[in-house]
Amino acid sequence: HSPTMWTEHDNALTCRLRFPDFKAAFAFMTAVAEAAEAQDHHPWWANEYNTVEFRLRTHDAGNTVTRRDHRLAETISGLAAQFGGEFHSNPSLGEGL
């Protein structure tokens, strides 16, 4: 399990992942969507070509980071490895996309 670069920023767990190409990024996002449905916990995310950014927080807990966010982050990290994703520096979300 490779080290991850999830950071807590503005009451959310955040990360930026880069994949070999758009097809790999989209396949990864499809897998994350299925996992999110299974966990009944859904991420905010953004995608541009081969880059996917996440912001995880729990709405029912007043938009704070909870165990549910950490569990989904762990799932996302595992799926990223399967699809060739690499963690990249995480500037404030929304910039540079």
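Q: Which residues make the nonpolar surface patch of about 330 Å²?
A: Phe22, Phe26 and Tyr49 make that patch, where patches are built from residues with over 30% relative accessible area and no salt bridge, like charges being joined within 9 Å and nonpolar side chains (Val, Leu, Ile, Met, Phe, Trp, Tyr) within 5 Å. Areas come from the Shrake-Rupley method with a 1.4 Å probe, and for residues only the protein chains shown count as cover.

Q: What kind of model is this?
A: This is a predicted model, in which local features need pLDDT of at least 70 and side-chain atom pairs count only at pLDDT 80 or more, while totals for chains, interfaces and linings use all residues. Residues are numbered from 1 along each chain as its sequence is written, and side-chain values use heavy atoms, with hydrogens and water left out.

Q: Which strands are joined to β4?
A: Strand β2 (residues 13–18) runs antiparallel to β4 and is joined to it by six bridges, and strand β3 (residues 44–48) is also antiparallel to β4, with five bridges; two strands pair if DSSP finds at least two bridges between them. Leucine 17 stands opposite valine 52 of β4, and alanine 46 has glutamate 53 of β4 as its bridge partner.

Q: How many of the six residues of β4 are buried?
A: Five of the six are buried, so β4 is largely enclosed by the rest of the structure.

Q: What does Glu53 meet in a salt bridge?
A: The side chain of glutamate 53 meets that of arginine 16 at 2.3 Å, N to O, a salt bridge being a side-chain nitrogen of Lys or Arg within 4 Å of a carboxyl oxygen of Asp or Glu. Glutamate 53 is in strand β4 and arginine 16 in strand β2, so the pair ties together parts that are 37 residues apart in sequence. Glutamate 53 is buried, at a relative accessible area of 0%, and arginine 16 is buried as well, at 10%.

Q: New topic: how many aromatic pairs are there?
A: The count is seven, with rings of Phe, Tyr and Trp (its six-membered ring) pairing if their centres lie within 6.5 Å, and planes under 30 degrees apart counting as stacked, over 60 as edge-to-face and the rest as tilted. The rings of phenylalanine 19 and phenylalanine 28 have centres 4.6 Å apart and planes at 35°, so that pair is tilted.

Q: Which residues do ring pairs link into a cluster?
A: The cluster holds Trp6, Phe19, Phe28, Trp45, Phe54, Phe83 and Phe87, and among them phenylalanine 19 and phenylalanine 28 are buried.

Q: Last one, Thr58: where does it lie, and what does it touch?
A: Threonine 58 lies in the loop between β4 (51–56) and α2 (67–82) and counts as buried at 4% relative accessibility. Leaving aside residues up to four places away in sequence, threonine 58 touches His41, Asn63, Thr64, Thr66, Arg68 and Asp69, contact meaning heavy atoms within 4.5 Å.

Key:
Helix = DSSP H or I, 4+ residues; strand = E, 2+ residues; numbered from the N terminus. Buried < 20%, exposed > 50% of the residue type's maximum accessible area, 1.4 Å probe, protein only.
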